[in-house]
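Here are my notes on this one, for when you have a moment to go through it. Please keep the viewer open while you read.

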Amino acid sequence: MRLDGDGLIDRTRRLAFTFDGRKHLGFEGDTLASALIGAGVKVVARSFKYHRPRGIFTAGSEEPNALVTLGRGPGQEPNARATTVELQEGLAAYGQNAWPSVEFDLMAVNDLLSPFLGAGFYYKTFMWPKAFWEKLYEPVIRQAAGLGALSREASTERWERAFAHCDVLVIGAGPAGLMAAWTAAEAGADVILAEEDTRLGGRLNAEVEEVDGQAGSAWAEAMQARLRTMENVRVMTRTAVVGAYDQGTFGALERLEPGRALKGCFWRIVAKRAVLAAGAIERPVAFSNNDRPGVIMAGALRAYINRWRVCPGNRVAVFANSDAGHQTVRDLLAAGVHVSALIDARADAACDLDVPFYAGGQVCDSGGRKALESVSFLHRDRIETVQADVLAMSGGWNPSVHLSCHMGARPVWDEGLAAFVPREGAVPGMRYAGAAMGMFSTRECLESGAAAGKAVVDDLGLNGAEVPVPKAEDGVYQIKPLWHVPGKGRAWLDFQNDVTVKDVTLAAQENFTSVEHMKRYTTQGMAPDQGKNSNVAALAVLADATGRGIAETGTTTFRPPYVPVPIAAMGAGAQGKGFSPERFTTSHDASIGRGAPMIEAGLWYRPSYFPKAGETHWRQSCDREVRMVRDHVGICDVSTLGKIDVQGPDAAAFLDFLYTNMMSALKVGRVRYGLMLREDGHVMDDGTCARLGERHFLVTTTTAAAGQVMRHMEFAHQVLRPDLDVRFASVTEQWAQFAVAGPMSRALLEDVLKQDLANGDWPFMACGDVRTKGVTARLFRISFSGELAYEIAVPARHGAALFDQLVAKAEAMEGGPYGMEALNVMRIEKGFITHAEIHGRTTAFDIGMQGMMSDRKDFIGKAMAARPGLMDEDRAQFVALKPVGTVKELIAGAHLFAPGAEVVSENDEGYITSVAFSPMLGHVIGLGFLERGRARIGEHVRMVEHLKGSATLCEVVAPGGFDPEGGRMRG
Amino acid sequence: MRLPCPICGERDRREFYYAGHAVALERPQEGAGAEAWDYYVHNRDNPCGETRDLWFHESGCGAWIVVTRDTASHAVLGAVLAEEAAR
């Protein structure tokens with residue numbers, strides 16, 4: 001119900017929303033939770049395991065019960081905490097984990113079965129028969145378990161990711177955080193103040209309390225206004241700091257106010273210093289049926305009354321073990337709500353309030369059906385019962401130590417507070433202030449906040465005038481530890497995961513006595529809860545059951561994130577194409593225009609083939625393109641190959657060190673094939689090396705290894721040979737390069753370049769500058785097809801025009817463009833290798849290039865390549881295969897066996913790496929590796945492939961069966 | 001995690017490529033024995049405490065750097081250019 005009075009809501013702005021389809025009204029400033037309480041909704045959820053009806057339990061992100069689904073469709077958000085959802089016009093929220101509804105849930109049968117569903121239930125029940133697990137148990141459990149569901153549609157939500165940097169990050173903007181931020185800001189520090197709530201103030205917005213002679217919330221508002229005017233302060237509301245990481249890095253989730261196109265931002269905040277002022281979380285007491293809707297934390301109830309002017313009932317009983325009970329009763333009476341009992345667990349407590357008071361009482365049971373109707377308590381050895389539809393309880397406060405523990409430190413047990421406090425120095429550069437370090441009075445919070453702010457600016461060497469600490473309430477926190485009131489029924493410790501006192505004692509009995517084992521056996525403190533509500537009480541019960549102290553029992557590990565973070569926020573920008581950006585060549589549009597399907601090569605997109613009218617299968621296009629190149633001329637964009645420009649007096653010596661062969665012996669105007677090894681002696685990459693000048697080389701890498709080779713070259717230079725005077729840069733993007741291949745290629749280029757390209761000046765493996773249409777281009781007479789061929793490179797801005805010109809000329813000569821499929825077929829016909837063959841486990845010896853390893857110089861990989869095991873004749877060696885039986889199929893990845901040998905791994909003799917149908921030879925060719933392969937030319941082997949159930953008898957042949965003498969290439 | 005690039009200043013670790021222990025700086029001379037090469041290429045200590053390793057500022061200036069850090073506390077104690085460390 002809604003109370004009179006102002007609170008911090010705007011009664012002039014009514015907001016209509018629905019919960020489970022029913023219409024309600026709330027106000028601007030409400031959360032979904034306060035609006036539901038205002039509308040008299042009591043049951044908002046069903047519990048995780050037993051499907052018990054549950055009501056709103058807290059007023060913050062620690063809420064274990066009121067998890068709801070927001071919206072429907074692609075943007076549907078499950079497991080939102082009603083306590084942190086800002087109300088907006090038209091909001092549609094739905095209960096979850098219930099069928100058909102949270103009011104009437106058929107799954108509640110689980111509650112009757114609860115004697116069988118205790119701790120370890122899954123482990124004990126679903127053991128046998130083994131075969132049932134995958135087919136029956138797991139699907140059923142997965143169906144029944146869990147809370148809200150995703151829509152299964154692609155999300156349309158938009159998030160961002162960003163970095164922020166500051167001198168001081170203040171986490172939490174209660175009285176302590178505000179003072180820390182102000183103090184640091186006045187000293188000139190660059191401050192970020194992050195607050196999870198929509199407004200600053202923390203508990204000041206929830207309590208009836210004065211700061212500096214005005215209402216606490218008004219003081220906080222004035223502070224907010226003051227900080228907002230300071231240029232060196234960034235105030236970030238709706239921003240939860242979720243994790244503390246190395247070197248002052250923090251993760252933070254900012255949610256924007258509802259109705260914006262952007263949902264929010266996942267921040268990585270880098271701070272020189274941090275102040276943890278995250279406050280504290282009130283803890284429940286375990287007693288029988290303490291989970292009944294209507295039972296609520298006392299601090300939360302005060303927040304609902306004072307900030308939002310709502311109360312979940314009109315007869316309230318209050319149960320506490322500190323002065324929190326009295327404070328709650330005062331606020332209730334001031335709001336005109338009837339209080340049926342104040343039950344104080346402290347026997348020596350006194351009371352001057354006009355309500356029934358029971359010192360030394362302990363609530364032991366709750367009554368009612370779906371909602372609370374009565375409260376029973378033990379007082380002076382008698383059980384008494386009072387009527388109540390709300391029970392406000394407080395078992396004391398737990399400082400929010402979480403972020404102080406994210407780097408592995410454990411908190412320290414404080415006997416006087418009966419709570420864990422953060423360990424000094426737990427996170428480098430982090431200091432603590434306020435309730436997060438166990439300072440529970442407002443005056444202590446303000447003072448410790450100012451002190452922490454001063455300390456961090458001192459650390460940073462900044463000087464500023466001290467800020468005055470305002471006057472405020474200074475109570476003394478007197479608490480009688482109380483975790484569990486014995487009784488017959490189930491007493492909940494962890495509401496979110498449905499873990500009771502019995503479960504924890506059962507875990508102890510079954511010897512899960514370590515706190516980490518107990519957690520996993522019972523699921524206490526798992527998942528988003530991370531022990532926010534239940535941690536200390538569960539530890540206390542375990543400590544009792546095992547006869548240890550709480551300090552000795554210790555805590556479980558606090559892990560990030562402090563509040564749930566949507567994957568969509570952390571991965572913002574990485575959906576779809578954002579996950580793998582596209583790199584296009586300069587001929588991309590022309591290729592698309594010709595209907596070429598694209599194939600991805602790393603991030604590059606390259607044309608597979610260029611279909612012509614009437615071609616219905618890629619093989620038709622591919623075979624035609626191969627014949628076109630071999631008979632006439634073809635054009636292919638090869639710009640994606642890595643290009644690295646190497647210059648300097650020691651350029652040649654540097655390349656000698658990188659490649660197995662002698663690049664220093666290369667003449668200016670010539671190109672040489674080169675092989676690079678890793679230091680362990682295996683092949684890393686191959687490519688060409690063109691000598692453009694005495695001190696100037698251009699080397700190419702394979703498309704896939706371009707980045708790796710660049711890194712490797714930087715390593716070789718900076719780490720291994722810094723003495724060499726050489727510089728290099730990637731120019732892959734700067735040059736567009738096209739292969740012009742086929743018997744007509746010379747004629748075509750002579751026409752384009754208007755110059756003679758006869759063998760005399762332009763023999764095989766020549767290179768040099770040429771000019772076309774006023775542009776200086778580079779021409780390389782190299783061939784990956786085995787034909788008379790050239791590659792011509794122009795600055796990338798001229799690429800598209802040159803491609804169009806080359807293709808037009810080729811088409812006039814019965815030629816045209818060719819794609820990756822034809823390129824691949826031709827290199828397989830020629831037995832040229834790619835990364836299918838140099839896959840990281842092959843040596844120069846394996847691919848038959850041991851002769852390219854110079855013995856006249858040192859090079860990377862030389863020593864290790866000489867190991868006997870890498871030069872062993874028994875190794876699998878590079879060969880080609882052709883089918884000779886009735887089955888003509890070869891499959892890449894298939895393994896090779898001697899004909900008649902049993903197909904077991906001991907008899908495995910090799911494998912196939914590349915396969916293509918050769919239109920020139922008229923049969924399928926396989927490339928692969930076969931033990932002692934070079935000595936077995938002419939022998940038969942059997943290819944076996946289990947996935948397709950295929951077996952093919954093959955003849956071992958030498959690679960490069962098409963034009964083995966290479967006459968066409970040199971022609 | 002933040003690494004202090006001697007050229008660019010302190011940067012997020014996502015800008016760097018990690019390449020293992022800085023033993024890679026000490027490449028054996030040509031003709032060194034099999035044991036020296038085996039140690040250089042394959043053997044790595046797994047210290048609890050201070051260690052030196054190589055990082056490549058791939059999304060930054062392209063410098064290989066030698067970072068001294070503590071594997072237990074995660075403290076980063078300093079960084080120098082590999083080029084200087086190697087000289």
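1. Ground rules. This is a predicted model, where local features need pLDDT of at least 70, side-chain atom pairs count only at pLDDT 80 or more, and totals for chains, interfaces and linings use all residues. Residues are numbered from 1 along each chain as its sequence is written, while chains are lettered from A and ligands numbered from 1 in the order in which they are written.

2. The mixed sheet. Chain A has an open sheet of five strands, ordered β2-β1-β7-β5-β6, with mixed pairing. Strands here are DSSP runs of E with at least two residues, helices are runs of H or I with at least four, and both are numbered from the N terminus; two strands pair if DSSP finds at least two bridges between them. β2 (22-28) and β6 (77-81) of chain A are at the edges with a single partner strand each, so one side of each has no neighbour in the sheet. From one strand to the next, the twist averages 40 degrees. Angles run from 0 to 180 degrees between N-to-C directions, with axes fitted to C-alpha atoms (for helices, over the stretch in contact).

3. β5 (residues 67-70) of chain A is antiparallel to β6(A), and three bridges join the two. If you want a pair to click on, V68(A) has A80(A) in β6(A) as its bridge partner.

4. The parallel sheet. Another open sheet in chain A has five strands in the order β17-β24-β18-β19-β20, and its pairing is parallel. β17 (295-297) and β20 (357-359) of chain A are the edge strands, each pairing on one side only. Here the twist averages 20 degrees from one strand to the next. β17(A) runs parallel to β24 (residues 390-394) of chain A through three bridges, with M297(A) opposite M393(A).

5. Helix α7 (residues 298-306) of chain A lies across β17, β18 (315-320) and β24 of chain A, at about 85 degrees to β17(A). Helix α8 (residues 324-334) of chain A also packs on the sheet and touches β18, β19 (338-344) and β24 of chain A, its direction making about 160 degrees with that of β18(A). Contact means C-beta atoms, placed from the backbone, within 7 Å of each other.

6. Buried or exposed? D498(A) is buried, with 26 C-beta neighbours inside 10 Å, whereas K754(A) is exposed, with 11. The cut-offs are 20 or more other C-beta atoms within 10 Å for buried, 12 or fewer for exposed, and partly exposed in between. Also check the cis peptide bond between P560(A) and P561(A), with omega about 0 degrees; P561(A) sits in the loop between α13 (550-553) and α14 (567-570) of chain A.

7. Where the chains meet. The contact takes 20 residues from chain B and 17 residues from chain A. α2(B) gives the most to chain B's side, with three residues. That side has twelve nonpolar, two polar and six charged residues; Asp, Glu, Lys and Arg count as charged, Ala, Val, Leu, Ile, Met, Phe, Trp, Tyr, Cys and Pro as nonpolar, and the others, Gly among them, as polar.

Key: Two residues are in contact if their C-beta atoms, placed from the backbone, lie within 7 Å.
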